[in-house]
Amino acid sequence: MKRFKALVLVIALAMISSSLGSCATPVEAADLNGMLTVVREDSIVVNNAKGSYEFATDENTRYEMGEQGRFTMNDIVHVSYHKKGKKMIADGVSLRKHIHKDLTFSGTVSGLEENKSVSVTGDSLTVTFAYDANTAVEGRLAKGDEVRVTYLGDLSEYPRADRIVVTKEAPEEPETLTATGVVSLFGEKSLLLSIDSAHDRKFSLDKNTKITGVAKALRIGDSVKVTFRNTNDEAPLATEINIIKESAPDIRTINGIVKSYDAKSIVIDTAKKTYKYAVNKDTKYKGVSPQAGYLAEVTYDSTDKDKPVATIIYCKKGEEPQPAPTPTPTPTPEEPVSAQGKLIAWSIDGQDKCTISIDGSGELTFAYSGDSLEIAPGYAPQADDFVSVLYTASNMTLKRIDLISRPEQPVNAEGTLTAWGVNGENKCTIAVKGGDELALTYKPEELVIPYGYFPQADDAIRFLYMDSTKVLMQIELVSRPEKEEQTEPEQKPEEQTEPEQKPEEQTEPEQKQEEPQTAPEAKKEEEQPVSVKATAELVSSEPEKKISTFRLENGETVDLNYSKDTARASGYFPQPGDKVDIIYTKEGMLLNSIQLIERPAPAADTAEQ
């Protein structure tokens with residue numbers, strides 16, 4: 001009977017265990033080996049032959065980094081993880097093999113601010129790198145140089161140049177000079193400029209030589225300014241010929257009989273010779289229409305001796321009286337149009353053209369002449385300027401341009417950071433060098449901060465901000481003051497001496513009266529919120545209670561409360577044994593910020609190796 005009862009009990013327990021097991025949600029655990037390609041604050045990305053995998057990380061994720069003490073991109077790692085729905089959560093990340101690979105970027109220097117930043121343009125990307133006196137520079141760094149940059153950080157997050165090697169120096173540009181004079185001779189490939197009565201200078205011309213100024217075509221006798229490069233050649237190449245004043249045309253007149261006439265030319269017979277003159281849309285006609293056998297008087301421009309152009313043709317039929325020629329009416333000058341808009345581009349492709357977005361009309365392109373365009377003294381047109389303009393609509397020629405306003409440029413300044421994250425908001429205060437204290441706001445997703453730097457009070461910084469909106473745009477560390485926590489051990493022995501004085505005070509009644517006076521003062525000092533900076537070791541952490549225990553350098557152990565507002569450097573995950581910099585408030589023992597200094601290699605990994 002007892003055996004039967006025992007058997008029933010075993011069966012019942014087995015059924016209960018089976019029932020409980022079927023109700024529990026199974027956790028799918030797995031692992032994966034691959035190359036570490038991305039590390040974020042709350043996730044990592046690992047690649048292997050099968051694809052790319054993203055794992056979420058949290059305070060429970062364990063890290064085993066071996067003797068290296070840190071992870072770097074391209075390390076071979078082993079990830080143990082579990083799935084929660086479609087999300088993969090990393091339980092542990094272990095270093096299997098460290099693969100050192102320098103991050104490099106090659107291109108041409110397109111911008112340079114010495115000991116601050118260098119912009120490099122590659123095949124399809126321009127990247128601005130931070131650099132300073134600690135950056136190793138090999139070669140003469142200058143704009144136009146071809147360089148190879150070894151950098152730290154992410155290309156999309158203002159990386160820092162660790163080393164810059166100049167692979168090819170930019171050739172030095174020859175000095176640009178100008179010469180003014182009168183064109184005495186020119187052809188397709190050369191020009192002779194008469195500078196004065198005793199000096200001539202020869203220049204070479206090519207298809208890239210620009211003709212600008214009051215005329216589109218160059219003629220002998222024009223007054224010009226030639227821009228050229230000082231290459232010490234006998235005939236240096238002219239890059240631009242600006243026609244300052246056109247030469248007077250060589251006007252002559254001839255009389256004869258029309259031999260032939262068409263839309264392109266007229267041929268005149270005289271007693272001595274037959275002459276041919278070109279006609280064009282500018283040729284004016286008087287009298288009757290030209291026909292063979294009519295008497296004609298042709299006024300022509302003989303500047304181009306090989307192809308003279310008829311400017312006026314007057315014809316009549318033999319000796320028959322002809323009506324007086326009808327005078328050509330003088331056209332009414334076109335009234336210029338006044339408008340306002342935004343200047344989009346100036347001197348397009350090096351030509352005297354510009355594009356302006358006119359209010360209500362869209363983007364319009366205008367031509368202009370450097371000698372006839374009116375510009376306010378001291379104003380050089382720039383893209384994004386808001387301007388008022390006068391122009392002729394028939395030929396879209398710009399007559400005048402005036403600056404109305406120019407977009408605000410960010411202010412570059414230096415100072416001391418006095419407070420960060422004021423009242424838990426995205427605000428900070430900065431004591432500007434040589435000025436007042438600024439109160440600024442910032443947007444974390446738009447604020448530019450150098451990789452690995454977390455702003456702290458008392459940092460000497462360099463920053464950019466918009467003065468009108470008081471918005472901080474960029475902040476970078478110049479220097480950080482020495483830590484002040486070393487003064488605390490000197491103060492604590494003074495606090496410990498009070499109990500030793502109490503027995504002496506009991507034997508002297510006069511001293512007992514002084515004790516109540518000093519005690520309240522000490523309490524008042526303790527009640528005041530004190531922000532403490534310290535270097536410590538993280539002893540333990542209780543995520544469910546959000547409490548961490550730290551051992552300070554003087555041996556003291558403190559328990560600090562933390563929250564989601566506690567500042568942490570990107571990519572840092574606290575774990576016991578870490579050496580850290582902390583800032584905390586004594587009142588409430590609140591942890592304000594924590595930053596990793598050093599992470600020791602786990603003892604287990606060291607033993608395996």
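Me: Let's start with the cysteines. Is Cys428 buried or exposed?
Reply: Buried: this is a predicted model, and in it Cys428 has a relative accessible area of 1%.

Me: And Cys354, buried or exposed?
Reply: Cys354 is buried too, because its relative accessible area is 0% and the cut-off for buried is under 20%.

Me: Switching to pockets. What volume does the second largest pocket have?
Reply: About 570 Å³.

Me: How many residues line that second largest pocket, and which lie nearest its centre?
Reply: The lining has 19 residues. Nearest the centre are Gly213, Lys216, Asp352, Ala367 and Tyr368.

Me: Which strand gives the largest share of that lining?
Reply: E16, with four residues. That strand spans 210–213, and strand E30 (397–405) also supplies at least two lining residues.

Me: Zooming out, how many helices and strands are in the protein chain?
Reply: Five helices and 41 strands.

Me: How much of the chain counts as buried?
Reply: 31% of its 609 residues.

Me: Last one: what share of the contacts comes from residues 24 or more positions apart?
Reply: 52%, counting contacts in the protein chain with a separation of 6 or more.

How values were computed
Residues are numbered from 1 along each chain as its sequence is written. This is a predicted model: local features need pLDDT of at least 70, side-chain atom pairs count only at pLDDT 80 or more; totals for chains, interfaces and linings use all residues. Side-chain values use heavy atoms; hydrogens and water are left out. On a 1 Å grid over the protein atoms alone, a cavity is a set of points where a 1.4 Å probe fits but cannot get out, and a pocket is an open set with protein on both sides within 12 Å along at least five of seven lines; lining residues have an atom within 4 Å of a point. Grid points are joined across faces, edges and corners, and a volume is the space filled by probe spheres set on the points. Buried means under 20% relative accessible area, exposed over 50%, partly exposed in between (1.4 Å probe, protein chains only). Contact means heavy atoms within 4.5 Å.
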